[in-house]
Amino acid sequence: MSEHKTTLHWQRDGKPFTYDAYSRKHHWRFEGGVELDASATKEYLGDAALPNPEEALVIALSSCHALSFIAIAARKRLVLESYDDDAVGHMAKNAEGRLAVTRVELRPRTVFSGPNPPSREDVQKMHEQAHHVCFIANSVRTEVTVHPLD
């Protein structure tokens, strides 16, 4: 149905190429032209100031759910004023004993306006539907839970 292309570039920075010394910094380029530096997490000797692959997975899940939810609200002709999410990914050993992002908690907060704002139960159903159609969540084995904060 569609393809999504990215480019990653890493280059040795002149430091010795040993596990403790090599740079984890690398560069991400997205098909639309956006570029940013990334790194490993600080636990793996990366630069904590840069995004890392684990955070990228968490934000991809959060973003997909948000965009699905926003589309559902628009199709229902609801007036959604804002959507915020403080998502958290949890790293642990999976069933095979390998490190993995085993769980992601989405914590969306939505604000509606207009003459017919949805009830709390309606919002929960919309989150369930958004989770069901989120193709990123459908693509990973990570358990993804949604805990609306509104």
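In what sense do strand S2 (residues 26-30) and strand S3 (residues 35-38) pair, and over how many bridges? In this predicted model, the two strands run antiparallel to each other, with four bridges between them. One place to look is His26, which stands opposite Ala38 in S3. The hairpin that S2 and S3 make has four residues between the strands, and there Gly33 takes a positive phi near 110°.

Now bring in the neighbouring strand. S1 and S2 also pair in the antiparallel sense, again over four bridges. Leu8 has Trp28 in S2 as its bridge partner. Put together, three strands form an open sheet in the order S1-S2-S3, with antiparallel pairing. Strand S1 (6-9) and S3 are the edge strands, as each of them pairs on one side only. From one strand to the next, the twist averages 20°. If you are following side chains along these strands, a handy reminder is that in a regular strand they alternate between the two faces of the sheet.

## Aromatic rings between S1 and S2

The model has seven aromatic pairs. One of them joins Trp10 and Tyr22: the ring centres are 6.4 Å apart and the planes meet at 85°, so this pair is edge-to-face. Both Trp10 and Tyr22 sit in the loop between S1 and S2, 12 residues apart, and the pair links distant parts of the chain.

Tyr19 and Tyr22 form an edge-to-face pair, 6.1 Å from centre to centre and with 75° between the planes. Tyr19 is exposed, because its relative accessible area of 51% is over the 50% cut-off. Taking a step back, ring pairs link Trp10, Phe17, Tyr19 and Tyr22 into a cluster.

As background, most residues other than glycine have a negative phi. Which loop holds Leu45? Leu45 is in the loop between S3 and H1, and its phi is positive, near 70°. With 43% relative accessibility, Leu45 counts as partly exposed.

Arg77 is another residue other than glycine with a positive phi, in this case near 60°. You will find Arg77 in the loop between H1 and S4. Arg77 counts as exposed, since its relative accessibility is 73%.

## Along helix H1

Helix H1 covers residues 53-75, and Ala56 is one of its residues. Ala56 is partly exposed, with a relative accessible area of 25%. Ser62 also has its place in helix H1. Is Ser62 buried or exposed? Ser62 is buried, because its relative accessible area is 6% and buried means under 20%. Leaving aside residues up to four places away in sequence, Ser62 touches Asp85, Ala87 and Leu106.

For a sense of distance across the model, take Ala56 and Glu128. These residues are 72 apart along the chain, and their C-alpha atoms are separated by 23 Å.

## Helix H2 and its two sides

Helix H2 takes in residues 120-133.

Which residues of H2 are buried? They are Val123, Met126, His127 and Ala130. Looking down the axis of H2, these buried residues fall within an arc of 100°, so they line one face of the helix.

What do the buried residues of H2 pack against? Their partners are H1, strand S4 (79-85), strand S7 (108-113) and strand S8 (143-146). On the face of H2 turned away from this buried side, the exposed residues are Glu121, Lys125 and His132.

Methods:
Residues numbered from 1 in each chain as written. Predicted model: local features only at pLDDT ≥ 70, side-chain atom pairs only at ≥ 80, totals over all residues. Heavy atoms only, no water. Buried < 20%, exposed > 50% of the residue type's maximum accessible area, 1.4 Å probe, protein only. Expected span 1.5 Å × (residues − 1). Arc of directions from axis to C-beta. Contact = heavy atoms within 4.5 Å. Pairing = 2+ DSSP bridges. Axes fitted to C-alpha atoms, helices over the stretch in contact; angles between N-to-C directions. Phe/Tyr/Trp six-rings, centres within 6.5 Å; stacked < 30°, edge-to-face > 60°.
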